[in-house]
Amino acid sequence: MTADSLEAKAAFLFGLRERGIRDLAVLRALEAVPREAFVPHRYADLAARNIALPLACGQVQSEPALIARMLEALAVRPAHRVLEVGSGSGYAAALLGRLGGEVLGVERFRTLAQAAGARLATLGVTGCSVVWGDGLAVPPARGPFDRILVHGALPAVPDELARLLRPDGTIVFATTVSGVQQVVRGRRSDEGIWSLTPVAPSRLRPLYDGPSALL
């Protein structure tokens, strides 16, 4: 790593701390996983900035501070089984793996899923896989999961995901709260009632069901 890239990484982490990211495990993961490897080459020089970046298939990788907020809310611990819906380029999957999770990522675009899997393998990220499919149609036999991370907006917790989550598990997704989209942390009571705690404002796209047939 060059002096310039070290300086850029230090500024990247300092910027995240300035935005209130305090979880040291999350910060270490963000330090260890090279974001520039998970964005198109032409945007690699922007990877250290807190901006969303375009991906293939018309998708977008969220800004690092929002991803960090989602990871803090998820509170992944070693040996947690994590389902990630909408894996994109595999960046968050790599971060989740760095946090110790056993990660199953689902991406509706085949080309993105294949590229993400290859990228994770090239970087030697273990315990993570990204498959092409519908994140809302994961077979029950693949669960249960301790944590579910959804990179998209939903009106509520879908039954399809609720059935895959352990009773004491946590789901993080975006939804509308008081007219404003927010990333929220969802947990269930013993009676099955969801409690949604706002985490951060967001502008995530609605989550589409079904795998893409074209790309």
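A: A residue is buried under 20% relative accessible area, exposed over 50%, and partly exposed in between (1.4 Å probe, protein chains only). The model shown is predicted: local features need pLDDT of at least 70 and side-chain atom pairs pLDDT 80 or more, while totals for chains, interfaces and linings use all residues. Residues are numbered from 1 along each chain as its sequence is written, and side-chain values use heavy atoms, without hydrogens and water.

Q: Is Y91 buried or exposed?

A: Y91 has a relative accessible area of 1%, so this residue is buried. Y91 belongs to helix α4, where helices (H or I, at least four residues) and strands (E, at least two) are DSSP runs numbered from the N terminus.

Q: How many of the residues of α4 are buried?

A: Of the 8 residues of α4, 7 are buried, and the helix is thus mostly covered. The buried residues are Y91, A92, A93, A94, L95, L96 and G97. After α4 comes G100, which has a positive phi, near 105°.

Q: How is the packing of α3 and α4 to be described?

A: Two packed helices are described by the angle between their axes and the distance between the axes. The axes are lines fitted to C-alpha atoms over the stretch in contact, with angles from 0 to 180 degrees between N-to-C directions. Here α3 (residues 64-74) and α4 (residues 91-98) pack at about 40°, and their axes are 11 Å apart. The two helices are therefore oblique to each other (under 35 degrees is roughly parallel, over 145 roughly antiparallel, 65 to 115 roughly perpendicular, and the rest oblique).

Q: Which residues make the contact of α3 with α4?

A: On the α3 side they are I67, L71 and L74, and on the α4 side Y91, L95 and L96; contact means heavy atoms within 4.5 Å. By class, this contact has 6 nonpolar residues, no polar ones and no charged ones. (Ala, Val, Leu, Ile, Met, Phe, Trp, Tyr, Cys and Pro count as nonpolar, Asp, Glu, Lys and Arg as charged, the others, Gly among them, as polar.)

Q: At what angle do the axes of α2 and α4 cross?

A: They cross at roughly 125°, and the axes come within 9 Å. That makes α2 oblique to α4. A29, L30 and A32 of α2 make the contact with Y91, L95 and R98 of α4. The contact of α2 with α4 divides into 5 nonpolar residues, no polar ones and 1 charged residue.

Q: How many aromatic pairs does the structure hold?

A: The structure holds 1 aromatic pair. F38 and Y91 form this pair, which is tilted, with 5.7 Å centre to centre and 50° between the planes. Rings of Phe, Tyr and Trp (its six-membered ring) pair if their centres lie within 6.5 Å; planes under 30 degrees apart are stacked, over 60 edge-to-face, the rest tilted. F38 lies in the loop between α2 and β1, whereas Y91 lies in α4, so the pair ties together parts 53 residues apart in sequence. F38 is buried, at 0% relative accessibility.

Q: Where is A47 placed?

A: A47 is in the loop between α2 and β1. With 3% relative accessibility, A47 is buried. Apart from neighbours within four places in sequence, A47 is in contact with F12, R35, E36, V39 and L53. The loop between α2 (24-32) and β1 (53-54) also holds P34, which is partly exposed at 25% relative accessibility. A47 and P34 are 13 residues apart along the chain, with 8.5 Å between their C-alpha atoms. From P34 to A118 the C-alpha atoms are separated by 15 Å, and these residues are 84 apart along the chain.

Q: Which peptide bond is cis?

A: Most residues other than glycine have a negative phi, and most peptide bonds are trans. The bond from G143 to P144 is cis, with omega near -5°. P144 lies in the loop between β5 (128-132) and β6 (145-153).

Q: What is the phi of A79?

A: Phi of A79 is positive, near 80°, in a residue other than glycine. A79 lies in the loop between α3 and β3 (81-85) and is exposed, with a relative accessible area of 63%. C57 likewise has a positive phi, near 65°, and is placed in the loop between β1 and β2 (60-61).
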